[in-house]
Amino acid sequence: MGPFDLSHAPPVGLAERLAPGLRVVTAPNPGPMTFTGTRSYLLGEGEVAVIDPGPDDPRHLDALARALAGERVAAVLVTHAHRDHSGGARAFAERVGAELLGHGDPVGARRPAMARLAAAGGVDGGEGIDAGFRPDRRIGEGDVLAGPGWTLAALATPGHAADHLSFAWAEGNALFSGDQVMGWSTTLISPPDGDLAAFRASLQRLRARGEAVYYPGHGAPVADPGALMAHVLAHRAGREAEILAALARGPATIAALVAEIYAALGPALRGAAARNVLAHLIDLGERGLAAVDGPPGTGVWHLAG
Ligand SMILES: [Zn+2]
């Protein structure tokens with residue numbers, strides 16, 4: 001699996017210092033999609049930005065409040081409206097009296113091609129989406145926030161989710177990468193909110209920027225993000241080649257492709273694998289390499305052209 005590292009064992013509910021001016025508190029929500037739990041970052045000392053308050057779990061919101069006792073929260077930021085990142089954001093922002101900032105329009109952020117597919121039906125998706133998330137203020141590409149010792153610039157990085165933002169921390173030469181780039185696993189891309197073409201473009205863009213360390217939504221800091229992103233892109237290209245090879249042997253449903261390509265995968269991750277295969281097939285369809293008879297999620301896919 002190359003650079004993926006599954007050895008992470010963070011303390012849960014306690015502030016862990018990662019760098020000067022940066023702490024993290026891990027939420028008590030470990031699982032197959034959340035790894036060791038959501039990572040809520042506390043950036044700054046005394047006047048703090050909180051990135052991804054995490055799930056709506058009073059134990060976690062209490063842990064964040066304890067870690068921040070005596071400090072002022074200047075802003076609460078959300079990378080994307082999935083419940084494991086944004087579920088507790090409104091309650092936490094109100095508790096600490098801070099403004100809640102996020103993209104705020106996941107449906108409007110879809111590429112037109114993905115919006116058309118979603119409108120046509122048969123794509124499903126929507127796992128983990130926090131449909132009720134409403135920031136106090138919508139932020140997006142180019143917006144900058146600053147406090148003592150920290151300057152954060154928002155970057156639109158769709159792929160895992162259409163509304164996904166990453167935050168570049170200038171003083172730390174670092175990037176808060178949300179679920180877009182993580183050190184323990186490649187991310188889930190579940191259409192129509194997940195979008196493989198957008199994901200590839202976001203990673204190419206992030207690679208060109210060159211921050212030295214990434215702080216992901218789940219798992220340990222990524223010390224060589226350039227190498228990790230090169231690996232992730234190569235992994236996706238390999239998956240695409242496997243799907244094309246399988247379709248060259250004959251038309252297939254997504255269930256049949258998953259059984260063939262992900263034969264070694266445990267049942268807990270089969271559903272996620274099916275969503276990733278759908279993301280690839282939609283991308284191949286857009287590029288004129290594959291087509292489907294029936295709805296994208298349940299129809300029979302075949303090579304095109
Ligand atoms: Zn997540």
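Predicted model: local features only at pLDDT ≥ 70, side-chain atom pairs only at ≥ 80, totals over all residues.
I looked up E242 and found a relative accessible area of 34%, hence partly exposed (buried means under 20%, exposed over 50%, partly exposed in between, with a 1.4 Å probe and protein chains only). R239 has a relative accessibility of 16% and counts as buried. The side chains of these residues, E242 and R239, meet in a salt bridge at 2.8 Å, N to O (a side-chain nitrogen of Lys or Arg within 4 Å of a carboxyl oxygen of Asp or Glu). Both E242 and R239 lie in helix α6 (residues 225-249), three residues apart, which is about one turn of the helix. Helices (H or I, at least four residues) and strands (E, at least two) are DSSP runs, numbered from the N terminus.

Residues are numbered from 1 along each chain as its sequence is written, and side-chain values use heavy atoms, without hydrogens or water.

I then turned to R111, which forms a salt bridge with E286, the closest N and O atoms being 2.6 Å apart. R111 lies in the loop between β6 and α4 (112-120) and E286 in helix α8 (residues 270-286), so this pair ties together parts 175 residues apart in sequence. R111 is partly exposed at 26% relative accessible area, and E286 is partly exposed at 42%.

I also examined E99 and R137, whose side chains meet in a salt bridge of 3.4 Å, N to O. This pair links distant parts of the chain, with E99 in strand β6 (residues 99-102) and R137 in strand β7 (residues 137-138), 38 residues apart. E99 is partly exposed at 33% relative accessibility, as is R137 with a relative accessible area of 37%. For the salt bridges, I recorded a count of 21.

For the protein chain as a whole, I recorded eight helices and 14 strands. Its radius of gyration is 19 Å, close to the 19 Å of the globule rule for 305 residues, so the chain is as compact as a globular protein of that length (taken over C-alpha atoms; the rule is 2.2 Å times the number of residues to the power 0.38). Buried residues make up 51% of the 305 residues.
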